[in-house]
Amino acid sequence: MPANNGVAWHRSIRFHLVVAAVVIEIFMLSLLLGNSFRLISDALEQQTRNRVEALVPLLNASLNGNVFQRNYTEIQSILDQLVRAESTDIRYLAVFDKNGQRLAVAGRVAQTLPQVDNSVEQALSDLIYDTEVKLTLLGENIGMVRFGLDLTQMVTLRDSVVLQGFIIAAIEILLSLLLLATGGYLITRHITRLLAVTRRVARGDYASRISVPSRDEIGLLAGNFNTMAAAIEQRVRELQDSENRFRDIFDSVGEAIFVHDIDSGRILDVNRCMLEMYQCTREDALSATPDSFSLGTPPYSAAEALAWIQKALREGPQTFEWQARRMSGETFWAEVNLRTTELGGQTRLLAVVRDISERKRMEDALRQAASVFEHANEGIMIADGAGRIIEVNAAFSDITGFARDEAIGHKPSILSSGRHDRDFYEQMWSHLLETGFWRGEIWNRRKDGALYAELLTITAMRDASGRIHQYVGLFSDITEIKDNQHRLEHMAHYDALTRLPNRILLADRLGQAIAQAVRTEKLLAVAYLDLDGFKPVNDTLGHEAGDQLLIEAARRFSDCIRAGDTACRLGGDEFVLLVSSLSTLDECGQVFDRILAAVKAPFRIGGGEVCISASIGITVFPLDDADPDTLLRHADQAMYLAKQGGRGRYHLFDSRQDRLVEAQHEARARIEDALRRNEFVLHYQPKVNMCSGKVVGVEALIRWRHPERGMVAPGEFLPAIEETDFAVTLGRWVMDAAVAQLDAWRKAGMALNVSINMAARHLQTPGFINELELLLNRYPDVPPAAIELEVLETAAIEDIVEAATIIHAGHALGLRFALDDFGTGYSSMSYFKRLGVDTLKIDQSFVRDMLDDEGDRAIVEGMIGLAQVFGREVIAEGVETIEIGETLVRLGCELAQGYGIARPMPAAEMPAWMGEWQGRTGWKFTAR
């Protein structure tokens, strides 16, 4: 068949092209059969890796910040967007932190993620290429993303390419359709773009456009489509703007709006005010029924609501009041307007609801106002804008004594008491005009002239223009309350006995005094005062006499200080004085010299005279720049030092001395802790008869077995607790331990007596005798006469009456008493006689030097003679040599103890020492 141009078919270019194409395709087909799978697999793997490399910066850019911040919600949202993207080939995505913890996952994936594929060939079986990439932030690994690429499209493409190769080869061999296939491809590639864009537009993406550079029919079709899409986008935008404007207007309305379907009654839409008024969410509102927001009981139930709806449909708009219910269950009054309207081409029922709860309350208030006005217990007075009374109630007349006709037309000044100055009323009216309200306490005068206190509230009433047209005053008589308050405040802040401020008011006065000292740059003296010798007066003359003494002392303190200063009573015989506005310390000293002199002057109590003194501790602010509590503590410490210094004096606080006191407190705490740790032990020093050589007893002496310092003598720690309650606690332990050891010795056949030193504070403890009875009951096998309590002379003389009473009671129990350190105190024969002790103990300070000091020898000889005159035993301590022992025996003292006889020793060493002592003969002397 000849060609169109007349050339024989076998000579035509088309034939040659076909033959050449057949030859070429046969050759290409042979190559394709051998290399197609390898080449396509390599291409697939390269394309897959390119895809992975393209995804790495995208994933890092979108995820690394959120992974670092652990923003789970944003990570999940990004993963969902990537997986659901239109042209994505991502099957799943999983994000892990740097510790391997999974943060989020999206896509089609099993509970357990598959293993990472090393090559595309391994992934061809499940058509998913599983791989992972690291997420980095500023060069630091913060996590990784595991994802699977869907190879289905690539495998399909591979198969299509292989098939197309065969088909093209066959077509080229048979028909030489290479140019037709190329032309078809040029046409179909634009059509594919057109189809993709139309699908996006169908899904609502009206901004999508087709980019086709050709000017053929397909190009014209693409241009027309773009014009149409732009028009649709503009129309949709206009509709959206219109809907937004409608929604803004709908939501800005101040009443709640419901849009109902007429046929079903279902709520189709609500505005923002409805959600706020009914306290619900939009979802709650759209799923509710009209009855959900009503009281639910007649006449506010679904039946009545349906009746109103039917009436609105029949007769037109209806307005009525309704008792509604919020989602929280709270009910409120509402005004409902029902009407029909056209929305979106359909008839809808519109319900407009206004909250009228406040109006209802106001109506109720107005109805009650008249009744309240007349029956209120509080006085009510209404004045016009000029301040003249235009109305009062009955309570006003009852309180003030002015009848209604006597008050109307007058100004409230008819009640003025004269107790408030002009500034008070100016401030009251200024506040009232500025804020429209004033409340406070005020003193007024009744018609009969009597003053009364009232709690007054004044409200300024304004008209629509803001001008005050009325004043309403509401008041109640609080005179009795003020009187009771004054009495209670006085009782709470003043001492009932002395009428001085108490501890509570002291805190306030001290704070004010410190502020004044700072403001005026003057000195403030804080003094802690304790009466010396008050206790004996109270004990001997009785509590009534003690109270009279306190009252008179308080009066003297008040007379010695100025009107602006303060004298307070803390309790007992302790007082605090605040003396302010001092210029120098000398001026401070003059004040307290006057106070000391006033206290030393005799007091006339119960028909007789009593003389006492005072010890005062003073600290001066701001020289002592401390807080109020610390100032009082410092003054208390200084008072303690004044007592130690001899009483009847004052002592200024010294910060160095304060540090010593703190150290002493720490030492006391450590000593108390030692008792809890069982660190105290008793050693025993034998007492012997130097003529017979017999061991007559032992003296129990406490030692501190310190874990760091070793054995500590009592002189190093007992002074620290001498004036504390712990001295009593430790004394009880010593008594119990000594008597327990005595009981053990006697049961072992050692007939010894034990002497126990008694602290003055322990001896004067209330219930001391009962304590001794309990001790004897615990050890019934110990004879009471085997126990001797040693009392210091200074402690016994301090309160001779009480000491004598205690010794007498102890004798009744069978106990013995010794007067220790005799000669270091008053050494009065009268005191010695009244105390009635069994043994006189000569202090070692006289015994040690008696051989060299004639004065000491004379004192020892006198004390021995005194004991013999009164029939008392006498024992000397501090006997360190045989010569001293011989001299004592010649003077008439046979009993002794001291280092020359034996040092104090543990209880376990006593039996061995006694055995050794019995063999000695050097300490057996002949009496004169």
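In the predicted model, helix α22 (residues 726-747) packs against helix α24 (residues 768-778). The angle between the two is about 25°, and their axes lie 10 Å apart. Angles under 35 degrees count as roughly parallel, and α22 and α24 are therefore roughly parallel to each other. Their crossing is right-handed. On the α22 side, the contact is made by Arg 732, Met 735, Asp 736 and Val 739. On the α24 side, Glu 771, Leu 772, Leu 775 and Arg 778 take part.

Tyr 779 belongs to the loop between α24 and β26 (787-792). Its relative accessibility is 14%. Buried means under 20%, so Tyr 779 counts as buried. Leaving aside residues up to four places away in sequence, Tyr 779 touches Asp 736, Val 739, Ala 740 and Asp 743. Asp 736 and Val 739 also belong to the α22 side of the helix contact. Val 739 and Tyr 779 are 40 residues apart along the chain. Their C-alpha atoms are separated by 7.6 Å.

An angle of 65 to 115 degrees would count as roughly perpendicular, and one under 35 as roughly parallel. Helix α29 contributes Arg 857, Val 860, Glu 861, Ile 864 and Gln 868 to the contact. Helix α30 contributes Thr 887, Leu 888 and Leu 891.

Helix α2 covers residues 72-84. At 1.5 Å a residue, its 13 residues should span 18 Å. The end C-alpha atoms are 18 Å apart, which agrees. Five residues named as buried in this helix are Ile 75, Ile 78, Leu 79, Leu 82 and Val 83. Viewed down the axis of α2, the buried residues fall within an arc of 130°, so they line one face of the helix. The face of α2 turned away from the buried side carries Thr 73, Gln 81 and Arg 84, which are exposed.

Helix α18 was treated in the same manner. It runs over residues 585-600. Its 16 residues should span 22 Å at 1.5 Å a residue. The end C-alpha atoms are 23 Å apart, which agrees. Buried positions in α18 are Cys 588, Gly 589, Val 591, Phe 592, Ile 595, Leu 596, Ala 598 and Val 599.

Glu 521 lies in the loop between α15 (503-520) and β15. Its phi is near 60°, a positive value in a residue other than glycine. Exposed means over 50% relative accessible area, and Glu 521, at 72%, counts as exposed. Ser 581 sits in strand β17. Its phi is likewise near 60°, again positive in a residue other than glycine. Ser 581 has a relative accessible area of 26% and is partly exposed.

Cis peptide bonds occur at two proline sites described here. The bond from Phe 621 to Pro 622 is cis, with omega near 10°. Pro 622 is placed in the loop between β20 and α19 (628-644). A cis bond also joins Pro 298 and Pro 299, with omega of about 0°. Pro 299 is in the loop between α8 (282-286) and α9 (302-315).

At the level of the whole chain, the model has 31 helices and 31 strands. The chain has 928 residues, and buried residues make up 41% of them. Contacts between residues at least 6 apart in sequence were also classed by separation. Of these, 57% join residues at least 24 apart.

Definitions and conventions. Residues are numbered from 1 along each chain as its sequence is written. This is a predicted model: local features need pLDDT of at least 70, side-chain atom pairs count only at pLDDT 80 or more; totals for chains, interfaces and linings use all residues. Side-chain values use heavy atoms; hydrogens and water are left out. Helices (H or I, at least four residues) and strands (E, at least two) are DSSP runs, numbered from the N terminus. The expected span of a helix is 1.5 Å times one less than its number of residues. Buried means under 20% relative accessible area, exposed over 50%, partly exposed in between (1.4 Å probe, protein chains only). The arc is that of the directions from the helix axis to the C-beta atoms. Axes are lines fitted to C-alpha atoms, for helices over the stretch in contact, and angles run from 0 to 180 degrees between N-to-C directions. Angles under 35 degrees count as roughly parallel, over 145 as roughly antiparallel, 65 to 115 as roughly perpendicular and the rest as oblique. A crossing is left-handed if the near helix is turned anticlockwise from the far one by less than a right angle, and right-handed if clockwise. Contact means heavy atoms within 4.5 Å.
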